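Reader: Here is the model I would like to go through. Please take it one question at a time.

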Amino acid sequence: MSIRTAVVGVGSMGNNHARILSDLAGVDLQCIVDTNAELGEKMAKKYGTNHVFSIEEAVKKYDVKNIVIATPTSTHFTLAQQALALGCNIFLEKPAFKTVEEGEAFVKLVEEYNNRSVIMVGHIERFNPAVNQLKELILAGELGEIYQIDIRRQGPFPTRIADVGVVLDLCVHDLDILRYLTDSEIKRMAVEASQNLHTSHEDMIAAILRLSNGTQATLNINWLTPTKNRDIFVICSKGLYQVNLLTQDLYFYENSANVTNHWENITLLRGVTEGKMTKFLTPKKEPLRLEHECFLETCKTGEYPHNFVSLKDGIEAVRLAEQMLETMQK
């Protein structure tokens, strides 16, 4: 049986959600919720569904069970509260809330309502096939000791984003990815930031972080690069793993000094040397579709897979972003 679903907010990201949900097996996209009548009607017609102005109307008129919230972050708390009060499952785009204070207040509401709503936060990079392939290799012990994770998320200035800077818009992805890949918490950070083109927020940051398991991490994030770069580099005792988030490719550059051979004494002296490069066969699939498949399956079964982004995960990403904003030097 298909789950009756509504998408709230059909701007750039909401349009993508509606596109996926309009033909996803197991989903019945009942309506688009948007206060902009012209846009709401246009998108409802595009995806063969209905337009309403509120979550309450979606639930009462169309018996919607799943609510996907893709509105500006400043509206998330109010809209999620409405969906929670109506007993709906909630998919909440990242960042989950504008502040940690909002997140903690929402957790209290969840406890008060004491319902069984599934609440998932949309940190899409956890569903990149290459990221999950790397995660499986880490779980299998294939990397040995992880020394450092370097993440580069760079690209042109997005004129559509005016209310936040790169920390809340982009870094939350990578703060979550660091926690997800290492199963470790970020215990300290040093951040340099600058404001070059954005009228009110930082548009470039460089950060050094230390995780509780000893791994070092670096983040180089900006809206100033003419071409998009979305890469994760993991330096480990076995060599170097590289994830290209855009192409969903995973590469391994072997440290040949780590390969077992008969020249053990020479190997010890060599330490790190260049070895063969392996490109993994990664099945390509749209991460947003995988994300919704995960949410849908969890709603149906109540089972939470390892890459499910919980409310706790979403709030922790906001907490770390707040810490980054507090500690960064401009």
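Reader: Is E303 buried, partly exposed or exposed?

Author: This is a predicted model, and E303 sits in its loop between α9 and α10 (311–327). The cut-off for the exposed class is over 50% relative accessible area. Because its relative accessibility is 58%, E303 counts as exposed.

Reader: How many Å lie between the C-alpha atoms of E303 and G103?

Author: In sequence, E303 and G103 are 200 residues apart. In space, C-alpha to C-alpha, the separation of E303 and G103 is 23 Å.

Reader: Just after α9, which residue takes a positive phi?

Author: Helix α9 covers residues 287–301. A phi of about 75° follows just after α9, and the residue that takes it is G302.

Reader: What length does α9 reach from its first C-alpha to its last?

Author: Helix α9 has 15 residues. At 1.5 Å a residue, 21 Å is expected, and the value found for α9 is close to that. From first C-alpha to last, α9 reaches 21 Å.

Reader: Which residues of α9 are buried?

Author: Buried stands for under 20% relative accessible area. In α9 that class holds P287, L288, R289, E291, H292, C294, F295, L296, T298 and C299.

Reader: Which element gives the largest share of the lining of the largest cavity?

Author: The structure holds one cavity of 30 Å³ or more, and the largest cavity has a volume of about 40 Å³. Its lining consists of T5, L21, V27, N66, V68, H292, F295 and L296. Two or more of these residues come from each of β4 (66–69) and α9 (287–301). The largest share, three residues, comes from α9.

Reader: At what angle do the axes of α6 and α7 cross?

Author: Two packed helices are described by the distance between their axes and by the angle between them. For α6 (residues 129–139) and α7 (residues 166–182), the axes come within 9 Å. The crossing angle of α6 and α7 is roughly 35°.

Reader: Which residues make the contact between those helices, and how many of each class are there?

Author: From α6 the contact takes V131, N132, L134, K135 and I138, and from α7 it takes I177, Y180 and L181. By class, the contact of α6 with α7 has six nonpolar, one polar and one charged residues.

Reader: Leaving aside neighbours within four places in sequence, which residues is E142 in contact with?

Author: E142 lies in the loop between α6 and β7 (146–154). With a relative accessible area of 39%, E142 is partly exposed. I177 is 35 residues from E142 in sequence and 19 Å from it in space, C-alpha to C-alpha. Beyond its sequence neighbours, E142 is in contact with L137, K238 and Y241.

Reader: Is N114 buried or exposed?

Author: N114 is found in the loop between α5 and β6 (119–122). Its phi is near 50°, a positive value in a residue other than glycine. Because its relative accessible area is 65%, N114 is exposed.

Reader: And Q248, is that residue buried or exposed?

Author: Q248 has its place in the loop between β12 (239–244) and β13 (249–255). Phi of Q248 is near 60°, again a positive value in a residue other than glycine. The cut-off for the buried class is under 20%. With a relative accessible area of 9%, Q248 is therefore buried.

Reader: Is the peptide bond from K94 to P95 cis or trans?

Author: P95 is located in the loop between β5 (89–93) and α5 (100–113). Omega of the bond from K94 to P95 is near -20°, and the bond is cis.

Reader: How many Å separate the C-alpha atoms of H201 and V234?

Author: H201 belongs to the loop between β8 (186–194) and β9 (204–211). At 24% relative accessibility, H201 counts as partly exposed. Along the chain, H201 and V234 are 33 residues apart, and their C-alpha atoms are separated by 30 Å.

Technical notes: Residues numbered from 1 in each chain as written. Predicted model: local features only at pLDDT ≥ 70, side-chain atom pairs only at ≥ 80, totals over all residues. Heavy atoms only, no water. 1 Å grid on protein atoms, 1.4 Å probe; cavity = no way out; pocket = protein on both sides within 12 Å on 5 of 7 lines; lining within 4 Å. Points joined across faces, edges and corners; volume = space filled by probe spheres on them. Helix = DSSP H or I, 4+ residues; strand = E, 2+ residues; numbered from the N terminus. Expected span 1.5 Å × (residues − 1). Buried < 20%, exposed > 50% of the residue type's maximum accessible area, 1.4 Å probe, protein only. Axes fitted to C-alpha atoms, helices over the stretch in contact; angles between N-to-C directions. Contact = heavy atoms within 4.5 Å. Nonpolar A, V, L, I, M, F, W, Y, C, P; charged D, E, K, R; others polar.
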